[in-house]
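Here are a few notes to go with the model, written as numbered points. Please keep the structure open while you read.

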Amino acid sequence: MTDTLSQLSLLLIIGAIAIYAAAFVTFALDLARRRSPSVTVISAVARHAEAETPTSTTRLANAIGNTGVLVRQSTTSADAHEERPQTSGVLRAAFVLTLVGFGLHLGADVLRGIAAGRVPWANMWEFSMTGTLIIVGVFLLVTLKYDLRFLGTFVIGLVLLLLGIASARYYVPVAPLPPALQSYWLVIHVIVAIIATGFFALGFALSGVQLLKARRERQETDARPPQFAFLRTLPKWAALENLAYRMNIVGFILWTFTLIAGAIWAEKAWGRYWGWDTKEVWTFIIWVLYAGYIHARATRGWRGSRSAWLALIGFSAVMFNFGIVNVFFKGLHSYSGL
Amino acid sequence: MFARNDRDAQAGRLRARVRARVVLAVSTALLLSLGLAGCTNDALAQQYRDGSSKNYVAGDGSITEITVKNRGKPIRFSADLEDGTPITSSAYTGRVVVVNFWYAGCPPCRAEAPDLEKTYTAFSSQGVRFLGVNVRDQAATARSFASEFGITYPSVLDVDRGTMQLAFSGVVAPNAVPTTIVLDRNGRVAARVLGKIPDASVLEALITTVLKEPSQ
Amino acid sequence: MTRSTERIDAEPTERTPTAVSQPRLGIIGWGRWAWRQLTSMRTALFLLLLLALAAVPGSLFPQRTADPNGVVQYFKENPGLAPILDKFQVFDAYTSFWFSSIYLLLFLSLIGCVLPRTVHHLRAIRTAPPRTPARLSRMPGFIALDLNDDGKATGSAVTAPDAIAAARSLLRRRGYRVAVFEGAQTKDSTELSVSAERGYLREAGNLVFHIALLGILITVGIGGGFGYNGNRVVVEGQTMINTLAAYDSFNPGRFFTDAELSPYSIRLDKLAVTYETQNKDARGLPTDYTATVTARTQDSRNGYKTTIKVNEPLNIGGTNVYLLGNGYAPHITVRDPRGHVVFSDFVPFLPQDSNLTSLGVVKVPDGLQQQIGMMGFFYPTKAVAQNGAFYSSYPDVKAPMLTLNVYSGDLGLNGGVPRSVYTLDTSRLKQLTGVSTGVKSIELAPGYSQQLPDGLGSVSLDGVSRFASFQVNHDPAQGWVLLFTVCAFGGLLTSLFVPRRRLWVKAIGQASGPLRLEYAGLARGDDPQLETVVETLAQNHIEALRNRDPGASDGRHPEEDTRRTT
């Protein structure tokens, strides 16, 4: 039974990888098509109207009815769903593929959990599988609020890379939990860390795009030849910066919780809440880096590109913590079952 | 990002001074509580940091003597000797007792063994009793040690039950291996040497002091 | 997270005092300058990033507090480099002078920032919202509309005081602090406005967060200073006591005194280990460790039975006792040539792999012609590899086997110098068995006995017990650390998610023409909802005006909060 389920889980993962690969190509195609000026793609957040425009179609005007006359309403940023953005068929296809891939991925993860009879994040393979699932999940979730589909290439690319490495290197059959992990803190501590990673990934992507976009905007003002044509269709860097910040603070809060929950668990399992174990150190470093990012954003001269670089460094540390510290560093967290 | 532009310069300076004082106080407290810069020279901490895996906490030969009126309650114990003979603290009432915590594989215990035996022989005629408490070994190992060093006083094997160590733990506890404790005639701790006794004469002096105390 | 950088930037004369321009700055002047630099946002940011960087080396090199043996090993492997690194306290990275200086400066900077901000915030809470800006049209979310209600629907026309009174109560109900202001009066128009502010909790949360961080630092320091932890390996059937003499290793806090050790004893009755047997991919994986113990405090005559498991420590005498490790302790007995037992003990062997191939050292200092040392392996389930070497194929005791190499000579114990119990110093020992000697090593199954070489006697394996490795931990400030942590987290959530914003509603009564209403807002900090909020306010305000009871607020002037402006 366990064998069948975990076999099925593996099959679904392979399916998910295939679909994600197709989605990745399609997302990339969409970005490539944005070069051509004949295709008009307007991302919702891109609609960044500074002009004070008298509008007569808003809910406000309806509410006023005949009681008054709306004289002027200024909008400095757009509500994402006020107006349906025009999107290309390619982008829609890529998004649908992502949804399908996510469905398979979710199925694989759930089956693995059932096969193991516990939460599916107790070793490096399961952690990679659930981690990538959550990254895609957070991406889809955030897309409900802000249209971030232009990040699809990056998000799915990252997920493909991680899943690829994990299935090649980290696959292990289902095994029972070692006593050290038999704690409800495993459920809480790890899943929150994974979700935080999902938000950090989006923040990373947005900060990266923000830097590219800022560069392009500078190129445009300096009348130099602008690079990366697809950037033309993306929101202005300030809007990207704002979004990146929102993703990163959600990540930061979840990461803070991870740190606290980890300390409580460490107290229960190892007899001290903090012992500068390598994984603890890196969790702390990441926390400090993102704290630095948040502070940088409030520091004159640092808001914008400099703070964005900090977000990039922060996420690199997250990836380092996940991929390198887990595998190559000696420490108490190294029962990842490789 | 809230500017405090409204600050009056005069008040600001005053506040800055007050603030600096508060900060000084807090930071001093911080420095004290943290033990800044890892300059932990404490011998006990150092043993841990050495990572020698010698597996016992060594003493530095420090001596604690307790004046009669500061002594705690009489220590009550009951245990079995190496040969199985049961003993209790009441059997020792009215006598000065030297209790030595040891085990065979502990280097300082081996080093001090001849001095202990020598002192024992010297004082047994004056009614002083010696009692070993072996904290790690089984009977055979303990007996081999005794015959090797010609130890003639008995020992309790405490590794399995721990009753002797528990009875003596508390304020003047055996906090190193070896530890030598001198009990007065009422069974109260009168002196303690943590670690190897520096010299037989030191132990002799401690015993003599207690012996000279009038019996109550 | 906001910090008044402007404090410095706004006072350029004080920011850049150089020796050239102000040669007579003096000590106080320099002190103030240094203090300003330290408490500036830029410095805080710099220190934060430096802290992250400084935390890295500690994860690359073994640390004395976490892994003292690892440090010893590092010294052995890198005899040239290690002492140099040690000079820079690389093996005590987190208590090193450089790491400590960074975080102490950081916290000093934090104090310097938080204190004045707390004062400022306390003052801000007590003051009314600031005056409405003269031209709202420059503010975000600006909405202007003309009310063409001529009073037919409601009986009387809406006046500026009516509109402002309605806006004021609307905003108050939503938790805004409000103040009503009279604006410029001309013969053509009267202007009345309400200024509202909310989200003081944002700054309060921010302050709580930072102060709680300080609390964490202090309580961690206190806990570390007065706490202790100690380790002890206990074989089944044996007892450990919470006295220093009973510990294998002991790590005291800076202010630790012996009196902190509360007297109790813990006897390990049994260590039960469960292994996975069904799942063929995980056969032999341990699934449960349960130590059954008898705990006894000094005052109680009898102990009580309880269990200690991984993740389930035992709380006793103000300490927690953790089960951190396990292994086998073969019961080894050595006899002299006459058959007289000279040594008998359960010797803990340290596990070397997941199948518990275990390495151990037996030292027999007394009772034989010469001291002997034995070093060897214990295999709970012996298997033979193709090259003939033994290994353990399963962690449980299925086919136990003990192999020993015998050494004789001087164990080095008599000099009074500490020796590791897990290694044999062979410098003054002669190897009697093993490959180089041509004499076969001793191999024992339980119940079997074998002669020692050179007619020294015999050795037997009488059984196998398990040992548990316990850690005792005492941290008097742990609860406080948790409390401050929870405060910090709460503060963080509040400071990042409670929006702080100002809203304004202005009513301009025109002598000729309709009543003009203006709405606008201002975000202080990240506030994605601001424009929606202004729009909703306008909507609800209009609805309130439409549904108003004409008698209730008729001409009533909110005199009490009106501030006349010039």
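1. The second largest cavity lies between domain 3 (210-326 + 471-488) and domain 4 (329-464) of chain C, because both give residues to its lining. The domain bounds come from an automatic or database domain assignment. This is a predicted model: local features need pLDDT of at least 70 and side-chain atom pairs pLDDT 80 or more, while totals for chains, interfaces and linings use all residues. Residues are numbered from 1 along each chain as its sequence is written, chains are lettered from A in the order written, and side-chain values use heavy atoms, without hydrogens and water.

2. The volume of this second largest cavity is about 550 Å³. A cavity here is a set of points on a 1 Å grid over the protein atoms alone where a 1.4 Å probe fits but cannot get out, and lining residues have an atom within 4 Å of a point.

3. Now to chain B, where six strands form an open, mixed sheet in the order β1-β8-β7-β4-β5-β6. Strands are DSSP runs of E, at least two residues long, and two of them pair if DSSP finds at least two bridges between them. The edge strands, β1 (63-65) and β6 (155-157) of chain B, each pair on one side only.

4. Within that sheet, β4 (residues 97-102) and β7 (residues 179-183) of chain B run antiparallel and are joined by five bridges. Val97(B) has Leu183(B) as its bridge partner in β7(B).

Methods:
Helix = DSSP H or I, 4+ residues; strand = E, 2+ residues; numbered from the N terminus. 1 Å grid on protein atoms, 1.4 Å probe; cavity = no way out; pocket = protein on both sides within 12 Å on 5 of 7 lines; lining within 4 Å. Points joined across faces, edges and corners; volume = space filled by probe spheres on them.
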